[in-house]
Structures are given as structure tokens and as C-alpha cells.
Amino acid sequence: MVRYIIRRLLQLIPVFFGTTFLIYYLVWRLPGDPFAAMCGDRGCPPAYVATMRAKFNMDDPILIQYFKYLGKLVQGDFGTTYQGLSVGKQMAMAYPTTVKLAVIALLIEALIGIAAGMYTGLKGGGFLDNLVLISTLFLISLPVFVTGFVLQIVFGFQLGIIDVTVPPSAPIGSLIAPAFALASLSMAYVTRLTRASILENKRADYVRTAVAKGLKPNRVVGVHLLRNSVIPVLTFLGTDLGALMGGAIVTEGIFNIKGIGNLVYRAIFFKESVTVVGVVTLLVVVYLLMNLLVDLLYAVLDPRIRYE
Amino acid sequence: MTTTNEGQGPLLEVRDLHVEFHTRDGIARVLNGVSFSVDVGETLAVLGESGSGKSVTAQTIMGILDMPPGKITKGEIFFRGKDMLKMSEEERRGIRASGIAMIFQDALSALNPVFTVGFQIAEQLRLRRGMNKKDALKRAVELLDLVKIPNAAGRVKQYPHEFSGGMRQRAMIAMSLALDPEVLIADEPTTALDVTVQAQIMDLLAELRRERNMGMILITHDLGVVADVADRIAVMYAGRIVEHADVFSLYRQPCHPYTAALLESMPRLDLKGQELATIKGLPPNLLRPPSGCPFHPRCRMAVDQCVAEVPQLITLGMDRLSRCFRAEEMITNG
Amino acid sequence: MSEPTIASQVEVRHVEAIVGESPSAEAPQQKPDKADKPRSLWSDAWYDLRRRPLFIVASALIALVLLMVLVPQLFTSADPYYADLARSKQLPSANAWFGYDVQGHDMFSRTIYASRASVIVGLLATLFTVLVGGAAGMISGFYGGLLDAVMSRIADVFFGLPFILGGIIILTTFRSDSPTLAEAMLVLVGTIAMLSWPVAMRITRSAAITVKQQDYVKAARALGASDGRIIVRHMLPNCLAPMMVYATIALGAFIGAEATLSYLGIGLPPGTISWGVMINDAKDYIRVAPHMLIFPAAFLTTTVLAFVMLGDVVRQALDPKLR
């Protein structure tokens, strides 16, 4: 078990450096002069540009820049934007909203997906099963911006039961519709995964053994079948939470949610490289840590892994 | 469950059991009138190739046949004189494991991978006998001890994948004995094991059967396995019992060409150096079974009658049955 | 950001969710007898496919889309580029079934013509993804060892990039200021492939590892077959089935990805006729002119659905376990 964790951790290290460096490299060679649009029509005074270049280590080779940046990051310093705003503070403002949205989305996809998957998996076949299968395919094919707009038009503009845009304080009630849009694809996957997992395990020999032991049907399904079927579903949900915590550029854009996705999207267009790199680095760390947690979760759920 | 027999008949009796499978390609008649019985302290071996219906028979008795695709179209299964097929599901559940228990061919897949062996044995004791967790686990250790698993107290906390093949099958046996069943069905209990381990498991089963005076149905495709253990043998082919006899008579004088061919295809020490006989052809396709006797395409004794009509079971003597038109001939010429 | 657009479906865990699927009303596999005549995997799959209604629906839809791509004139005689501000945002009518957009373009004609850009981007992106990922997976799986470890980590780096966020960054980095349509398409295709090849690699890699351990491959090697021969003769055919399933679903996914990135304003340049660009144009008017959003969105979704559906049924038909 310990060896398994250590191996996973070791595998994460090159991926962390690789991904963050890739982003760093891409962002800092964004075309165009970052100071071109900053000081009005006349352009920035050379002295100012020189200070700024020094401040962001822009005259060093990119690799040195990168490690200098990481060094500050380790001390919790995400740097400041060209305008002098603290990137760390910006992220601290935006992140709670994104986490709220992610958790609500996760709850939606888990509850509906597992329920629908269990129902169809246990029943198997029939009209409802086919209906669920086809609607999951439909949900999978529906781009999130279409889902988002349709929810906004129908429930916001026409029926008036949801907020068309989310207020800055982002109360939970106003996040439900965006969370649905965000969760719809994964909900379809969770449904299919649960269904497939149950169908596969339903015929497993150990389920048969449990029946032969004279256990009640509820016990056979609720303990023996479910305990095994839930493993891939829970690990999927874990990975998905990691992905959702990365924010949602499109959904946050449609519903005007001031989350991390919104922050990074604006930063890219205003060429705020420091913000972009900071946010992406944070997201990559969150994502990788979530993956590690999922691996651990997997080992806890499936004893066979522990002795790999 | 008391040991007095309510009805007059044997402990477990299967009568004229018919099962079919509804598949995409059509209806396969998997069991076509299977009848046999097992009594207290007795071992019946059910012998046949894969697809002969022996495992389906066991699953039907246990009530764990997948339905659909399976469907019981006819027949009765009496346990202690009561037809189980007419019982409610709740009544049948009460018989499982405590009346009739089963051990499976592949213990690795038959044991739940995510629970400890101890948990899986104790589970029945807790839920069916109302024992508390501690007592149930203590009993599980005793049961593992009973099936001769070394260090039973440590082993209960382990998962199935931490056991070796032979040990796993022992654990499976321990699990099946937890509720002191009267009939034990062993479905190919040694097929997945090494030859040396096979003998140990068979000995263990024979010993446990003796000690506990259980009825046992031993399902196998291996004639060699049954000789020492079984009292009677039922040979199955294409969903029918084609020959039934006590073990000595059957080995001495098979009364069905299929049994005879099976015996000849067994390696024998006294015939060293000779080429081993084989049975030509494949088992029949149950979706489109051959006319008449299903064995006739592979039978070297087949006559015209075999193609035209299905032979009935003929009684040849005490407990001696054969489903062959030329059975009596085989005895006289044998 | 792994926004749950169809694009994120190209992530492996999602594909697994689709790939680990079982059919519904199929007769269970427990067949007491062997099939009488042995059929090959492909002919068996084909036999199976023809009997599935979803396959027929998906194929018909795809045929229709391809027809729109090749000969849009067949569906509409209106010029998709002709704009008349006088009819700006007019609702659907007998004259214009889908109404007009802000600049007074005929929406129906534009929606039909838009299939071309979307499908071309999707096809090219799939082609690159499959080629790069497939080759990488094959080499990685076949040679194993250090090479495999290094390549797998590189794949992890790209896999760790959130799809949309990564897409935006790569696109803004490599896009010139006023690209031609061909340039913009190429950059978009490259971006999608760059973010997706790790998935294709994982699929071929695991297929290659499975095949490598087969006895017939060991036998071929023992008989002195060269690496190249083993890869071409044994690995390739065995990776084909999972790859085809992936490619079909990915094609749908990439069409959705193109639309998402174009919708964000960084995919295909404004003025291009593509579903994503049309939806981007529509987003500021969804209250007054929802038809501007609904028709391209419906076409987009249906096209994606057709490919995803096809991939799903092909997978079911190819999986011997499910038969």
C-alpha cells in the first residue's frame, strides 16, 4: 500500500513540472507586447517597461524564469499583475464560487446518475432502459454552451424561475441551473458507468454465491453487488471533481459567474500572463492531487489493488 | 430444520426436470426430463461433458439459474417431500445454505473479492442464525479449521485473492458448511485446481460427508474423480440422464455406449503404451438437436432406430437405468 | 478546465465510461452451445450491426451530413454569404425556414453550409489524433521499459491540461493576428490533436500490450519475425477495433470541440460559416432572436449525436463479450 502511494506520487512529479512548464512557456510567448495596450496611445515610457521586464524576469532564459517563478510560488507568492493586483487575492476571491459550483454539479451528477444507472442496470432491458440509454447519448452530444443557453432561455427568460445571471455573492440557489448545465455530460457518463458496472457484476459468480447462501435479495444487491459495482463509479466521480474544480470557462461565461474560469478567461484575453500562469498552476496541482486521492480511494475500495 | 423426513421419499429428489434457454438464435432445450434422487449420507455423481446440462441442473436445484434466459418448463424438485418449485421465494431462501448448500467450480470468482473470507463466512451466521459479529467470526475460524486451513485465526482476516487455489476452495467449502446443510452440491469442485490439490479436496469432501452424514451431489466431467467418492453415478448427455448405476456396476459394465466411450477414453495404467481412445465428433447443438437419440451421430453402435426415435430409460436392474436401445445387448455381450 | 463539453469526452475516463458498456435487451450470452459456423470478428459485427435500429439511424444521419458537406446546393439555393440588413434577426418564415441572422444572412443556407467547416476540422483532428496517438501507443506498448515510461509521462503532461483552458492557451499562442481560414483551421486541428493524442495513445498502448503477451506473437518472434513485421501483422490489426470505435466517437467530440472553441471566439475566425461561429454570433441576441441559436445548435448536436451513436453501436457489435 505504502509503496503503491509512493510510486503514484513519484509519477506525479514529472507530470507536475511538465504541465506547469508547458503552460508557462506557452503563456509567456503569447504574441504581442504585453505593455502595448497598457499606457494609452503614446505607449509606455521605456523606463517603466524596463522595470517591468526586470520585475517579471523577462530578460532571463525561459527556464530560469520558470524556476524563479516556482521558487516564489513555494513561498505562497503568486505574483502581481502588471497593474499591481495580487494574483493570489484574485484567486482567493474567485475560487470559493468555483468550488461551490463544482460540488453542486458533482452532487447532481452523482445522485441522478447513480440512481438512473442502478435502476436501469438492475432492471435491464425494456422501454425505460432504452430511453435512458438514448437520452444519455443525447446528453453526451449536447455541447455545454447549448445546454447552458437552453436552460437560460427556457427557465430564465421564459419561465422566470431561475436567475439569468448569477450575482457576485453566488448564493447556492442561483448556482443550481449552471450546475445542471455543467453536470449534464458527466451525469450521462455516471449513468452509463453505473449501469454497465451493475450489469457486469450482476452475473458475477460471487453474486450467485450470495444468493446460494440464502441471503435476502436486498442484502445481495445492497451489499454484494453494489459494493463491487460502485468502485469504478466512485473513482470516476473523484476524477471528475478534480476536473470540475478547475472551473468552467463556458458555463461561468454564460451565467456570468465570477469564478476561476471567468478569471482565467479574462486574463488570457487581456494578456495578464501572471494571472494565467498562477491559475493554471493551481488548477494543475488540484487536478493532480485529486487524481492521487482517487488512486488512494481505489486502493481502499478494492483490496486487490493494495497488494499489487 | 429437524432431521426427520416429513414425506416418505428421499432427502432430495428431482423429477422429470425440463429447462430451456431462450437465446437470440432460438430456444435451446438444456434439460429434457432429468430425474434422480439423493438420500442422507449418500453421494451421487453427475457426470457429463460441458453443455450436457449438469451445472444447469445444480443451479436449478439451488434456485440460482438466471431466468431469463433460463426457463423451467416442467418438473418437480422435492426437498424433504416438498416441491421446491412450488414454494415462495422466501421459503426457498430458507432452504438455501441450511438445507442445500453449494460449492462452485472457481472459488476465486465465487468469493466476493472485496470482503474478507471471515466476513463472508460469518455473514450467513449473523443474518441467518442471528449470531453477533464476534461469535460469528469465532465460528468462521472453527470452520476454516475444520477444512484444515492452517492458521485459521489469521486467515479469516484475509481477502480471497490472498489465498492459494486449494486454500480458496477449502474456504469455499467452509462457507458452504456454515449452516450445516443436509445436502451439499459440489459443482466441479476440483476442475480449477492442480492435480495434487484435487485429490486433497476430494478426500476432504468425502471425509466431511461421512462425518456430517450429508447427501452430496458431485458434478464433474472427470470419471477418475468420482470412482473413490461416489455411491451412484448418473451420466448426462444433451440434457438427459443416459445411464444411471451404482459406481461398481458402471465401471464394470457400462450399459450405454456413451459411458463405455468415456471409460475407454480414460488413461489406464494397465493399457500403457496403447493409444488412448477418443469420442469422435462434438456434443450436439442444443438449438438444433439431432433426431432420435442425441448421441447417435457419435455412436459406433447406432442403428436405424436410434435416428428415428428417442430411447426411453430402461430399467435393467436394481438402480440400473440406461437410455439405449441396445443396452441389454451390451450387458449380454459385455 | 474540463468543462463538460463534448470535447472533454475525449478524455480517457470518459471514453472508458462509454467503452465499458453493455447492451440492453440483448439476449444474455450464456449459450449452452457453440455457434455452428465460426465467423470473423468483423463479419460477425457487421451481421450484428445491420439488425440494430440505432446503427441505421446514425448511418442515415451521417450520410445526410456528408451530403450537406459535399453538395450543400442540394438543400438550399440561397447564398449563405448574401446579407441584407433590412431583414436582420427576422424570425423563421415560409421564405426563410430558419429566419435571418443579425446581418440578414439566410440562416437555413448558413446552417447547411456550416457543416463543411465543422466536419473538415473534425475529420482532420481525428486523423491527426489517431495517427500520432496510435503510433505513440503502439511503440510505447511494444517496446515497454524506459521508452514507455518516458512517453507515458509526456502523455500525462498533455493529459493533465484541462481541455478548454489548454485549447484557449495554445490557440492564442499560435494564432496569427489575421489568419486565413486554412491557417485558422490548421491551428485549430493541431490544438485539438495536441490535447487529445494521449487518449488515443492509452487505447492503443493497452491493446498493444495485450497482443504482445499473446502466444502467437511470442511464436512469431521466436520464428525470427522483425519488430516491424510484428507491429504491422499482429499489433495493428488488433488495435484496429478499439481505435475505430474511439475515432468515431472522437470525430463527434471534435466537431463539438470546434464549436466550443469557435463559440469562445478563438476557434475559427469571425465570418467563417461554422456552427460554433454562428452560435457565438447568436449569444448576444438569445432573447430577441433565439432562432439564431437554436438551429445551428440543433444541427451541431444532431451531428455529434450521430457519430457518438455510431461509435457506441459499433463498439457493442465489436465486443465479443457482449454477444
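Predicted model: local features only at pLDDT ≥ 70, side-chain atom pairs only at ≥ 80, totals over all residues.
In which helix of chain A does A:I6 lie?

1. A:I6 lies in helix 1 of chain A. With a relative accessibility of 46%, A:I6 is classed as partly exposed, because that class covers values between the 20% limit for buried and the 50% limit for exposed.

2. Two elements of chain A, helix 1 (2-28) and helix 3 (62-74), each give two or more residues to the nonpolar patch. The most comes from helix 1 of chain A, which gives 5 residues.

3. Now turn to chain B and look for B:S322, which has its place in strand 12 (residues 320-322). Is B:S322 buried or exposed? B:S322 is buried, as its relative accessible area is 0%.

4. The side chain of B:S322 is worth a look for its polar contacts. At 2.7 Å, this side chain reaches the backbone oxygen of B:C255. The side chain of B:S322 also reaches the backbone nitrogen of B:C324, at 3.4 Å.

5. What else does B:S322 touch, leaving aside residues up to four places away in sequence? The residues touched by B:S322 are B:V242, B:E243, B:C255, B:H256, B:Q312, B:L313, B:I314, B:L316 and B:A327.

Methods. Residues numbered from 1 in each chain as written. Chains lettered and ligands numbered in written order. Heavy atoms only, no water. Helix = DSSP H or I, 4+ residues; strand = E, 2+ residues; numbered from the N terminus. Buried < 20%, exposed > 50% of the residue type's maximum accessible area, 1.4 Å probe, protein only. Polar contact = N/O pair within 3.5 Å; in protein donor to acceptor, adjacent residues only side chain to side chain. Contact = heavy atoms within 4.5 Å.
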